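Here is a short briefing for a first look at this structure. Start with the view below, then read on.

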Amino acid sequence: MEARDFRLLVILLLFVSFSSCRHGRGGGEPLVYAEEEEWDAGLIDDTLRLLQHDFRIINSSSDTCRVLRIDRTCGCIRATADRDEILPGDTAVVNMVVELDNSPYIDKEIYVYLSLQKEPVTLYITAIRGLSDQKIQNQFHYPLGENLRALGTMIVPPFLEQGKTCGAFTNIVNAGKEPIEVEWEMENAPQWLTVDVPSHLQPKETGRINVSFDLSEPCKEWGKHEYTLLVGEKGKKRYPLVIPAIVTPDLSASAQGARPQAYLPKTGYVLLDSEKQQTSVVKHFDILNMGGGLLVIADITPSIPTAKCRLEKTELPERQKTRVFVEVPVKDLQRDSVMVIGITTNDRNSPYKEVQVVY
């Protein structure tokens, strides 16, 4: 064998020998791990103030492992290890204690950093608080069946800005003594609205109904819309939860600097300026930009479907106004008729306003 080939063989053998002594770090299963990473306490009593659990950290390597530190993710957590070093094949016990607040959901974690590996061992304590009968009666006023109850009749999101995503939620509870299955349905919801409802609830257990609004893609909806979510116990009547969604333009431009402000006639204002034609009645009112920047009128929607609205311009610089004309066929008017006109603008404080036109 030539000297050059012999040197290459020696280098190769040294590399293989070195690799076999690395105890597998950098790939495969970790050599130091938790016997269980998550402890789920399940449904806990409303009066409980502390949750604690002992986690076992196992050192399966041939080296002594040192516990470097334990990082907490919340001031409500206490965590200690019963030893600083874990001998080969031995275990350490990490005691984790969580001080509970009034949240119905408990999901806390800590990170245990060890000398034999870069990534920490993550340990979790999770639980769901079961509410007392008194809290259920005081907080969950709206019945969704014999045992299912909700906080209220509505799920109210913030203003839904075009180009953005957001969410809203409400809590429900099983006020009965037996587990229940939850069923729901929702018709005619737009593609940008999705709902997540818990399917099962244990006695005294709370669940969260989450509603997501994704307006990252352009949509045609503007102004105020109401959608109805029907929720109930399996096989029984379903009850409505109303979702009043107000879709606005992108309001971020008015978040800084001069802000436009839409001034409209007050709610219930009787409009005397009118013109009665042979087949219709036309009334008008003004919209004024009382703030700074450019006020953009995105949409005007009357409550009478056959009514027609037109305005002179849709963009108003500071202190300028535009006149809105509202025409309603006489055949669609009733005595003491009141028509509500919803107006959507980029007024950040009140992007949706209503004017009541009295005929």
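In which strand does Asn174 lie? Asn174 is part of strand β13. The model is a predicted one: local features need pLDDT of at least 70, side-chain atom pairs count only at pLDDT 80 or more, and totals for chains, interfaces and linings use all residues. Residues are numbered from 1 along each chain as its sequence is written, and side-chain values use heavy atoms, with hydrogens and water left out.

**The chain overall**
- The chain has two helices and 28 strands. Both are DSSP runs numbered from the N terminus: helices are H or I with at least four residues, strands are E with at least two.
- The chain holds 359 residues, and 38% of them are buried. Buried means under 20% relative accessible area, with a 1.4 Å probe and protein chains only.
- Take the contacts between residues at least 6 apart in sequence: 64% join residues at least 24 apart. A contact means heavy atoms within 4.5 Å.

**The sheet with β13**
- Five strands make an open sheet in the order β10-β11-β13-β17-β15, and the pairing is antiparallel. Two strands pair if DSSP finds at least two bridges between them.
- The edge strands are β10 (142-143) and β15 (193-196), and each pairs on one side only.
- β13 (residues 165-174) and β17 (residues 206-214) pair in the antiparallel sense over nine bridges.
- Thr170 stands opposite Ile209 in β17.

**Asn174 up close**
- Asn174 is buried, and its relative accessible area is 0%.
- The Asn174 side chain reaches the backbone oxygen of Gln202 at 3.2 Å. This is a polar contact, a pair of N or O atoms within 3.5 Å; within protein, one must be able to donate a hydrogen and the other to accept it, and residues adjacent in sequence count only if both atoms are side-chain atoms.
- Leaving out residues up to four places away in sequence, Asn174 touches several residues, including Ile136, Asn147, Pro179 and Leu201.

**A second sheet**
- Another open sheet of five strands runs in the order β2-β9-β8-β4-β6, with mixed pairing.
- β2 (38-44) and β6 (85-86) stand at the edges with a single partner strand each, so one side of each has no neighbour in the sheet.
- β4 (residues 65-72) and β8 (residues 105-114) pair in the antiparallel sense over five bridges.
- Arg72 stands opposite Ile110 in β8.

Methods:
Buried < 20%, exposed > 50% of the residue type's maximum accessible area, 1.4 Å probe, protein only.
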